[in-house]
Amino acid sequence: MVALGRSAWLPCHEGSASGAREMLKALLAELGANELDWYEVELVVSELVANAVIHGSANLDGLIFVRFEGSVEQVRIEVHDSSRVLPRVQPVSLDDEGGRGLWLVDQLASTWGHDCSDVGLSKRVWAVVRPDRCGLGPRSHR
């Protein structure tokens, strides 16, 4: 199994989700992975980066750090931000316009969680996505 990685500091801005997805696509292309098999990982990346930008940043001038490690079997996504507030899946009603991001991550990732960041920020939220397991089987998170 060949594993490759990518990482970058991104601005705390709504456009950063797009930049993170482009990094992911470059990694998948380098791995020779079929992008159609990996659309779920793009959704997970978008949700984790959006959560970091909206909920996880101490100020809008801050940065977030995104790291990908992957192989054709799985991709690990890490998003680091400056907040100490830990994420949790929120109950939502049908009328709510938002609040489903971590629920979506929970459904699509094989596993996900959060812990202290190792790049000088406050926390890391991570997820592991496998194209053959998206939305299937038990998931674990901390």
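The buried residues of helix H3 (residues 101-108) are Gly 101, Leu 102, Val 105, Asp 106 and Leu 108, where buried means under 20% relative accessible area, exposed over 50% and partly exposed in between (1.4 Å probe, protein chains only). These buried residues pack against H2, S4 and S5. Helices (H or I, at least four residues) and strands (E, at least two) are DSSP runs, numbered from the N terminus.

The model is predicted, so local features need pLDDT of at least 70 and side-chain atom pairs count only at pLDDT 80 or more, while totals for chains, interfaces and linings use all residues. Residues are numbered from 1 along each chain as its sequence is written, and side-chain values use heavy atoms, with hydrogens and water left out.

**Helix H2 against helix H3**

- The axes of H2 (residues 39-55) and H3 come within 9 Å and cross at roughly 145°; axes are lines fitted to C-alpha atoms, for helices over the stretch in contact, and angles run from 0 to 180 degrees between N-to-C directions.
- On the H2 side the contact (heavy atoms within 4.5 Å) is made by Glu 40, Leu 43, Val 44, Glu 47, Leu 48 and Asn 51.
- On the H3 side it is made by Gly 101, Leu 102, Leu 104, Val 105 and Leu 108.
- By class, this contact has 7 nonpolar, 2 polar and 2 charged residues; Ala, Val, Leu, Ile, Met, Phe, Trp, Tyr, Cys and Pro count as nonpolar, Asp, Glu, Lys and Arg as charged, and the others, Gly among them, as polar.

**The sheet**

- An open sheet is formed by 5 strands in the order S1-S2-S3-S5-S4, with antiparallel pairing; two strands pair if DSSP finds at least two bridges between them.
- Strands S1 (4-11) and S4 (111-116) stand at the edges with a single partner strand each, so one side of each is left without a neighbour in the sheet.
- From one strand to the next, the twist averages 15°.
- Helix H1 (residues 16-31) packs on the sheet, where it touches S1, strand S2 (63-70) and S3, and its direction makes about 165° with that of S1.
- Helix H2 lies across S2, S3 and S5 and runs at about 10° to S3.

**Strand S5 and its partners**

- Strand S5 (residues 123-129) pairs with strand S3 (residues 75-81) in the antiparallel sense over 7 bridges.
- Within that pairing, Glu 78 has Trp 126 as its bridge partner, and Asp 81 has Lys 123.
- Strand S4 is joined to S5 by 6 bridges, and the two run antiparallel; here the bridge partner of His 114 is Val 125.
- The hairpin of S4 and S5 has 6 residues between the strands, and in it Gly 120 takes a positive phi near 85°.
- S5 is mostly covered, as 7 of its 7 residues are buried.
- Lys 123, Val 125, Ala 127 and Val 129 are buried on one side of S5, and Arg 124, Trp 126 and Val 128 are buried on the other.

**Ser 57 and the cysteines**

- Ser 57 is placed in the loop between H2 and S2.
- Not counting residues up to four places away in sequence, Ser 57 touches Cys 12, Ala 52, Ile 64, Ser 82 and Ser 83.
- Ser 57 and Ser 122 are 65 residues apart in sequence and 9.7 Å apart in space, C-alpha to C-alpha.
- Cys 12 is buried, with a relative accessible area of 7%, whereas Cys 116 is exposed, at 61%.
- The structure holds 0 disulfides, a disulfide being a pair of cysteine sulfur atoms within 2.5 Å.
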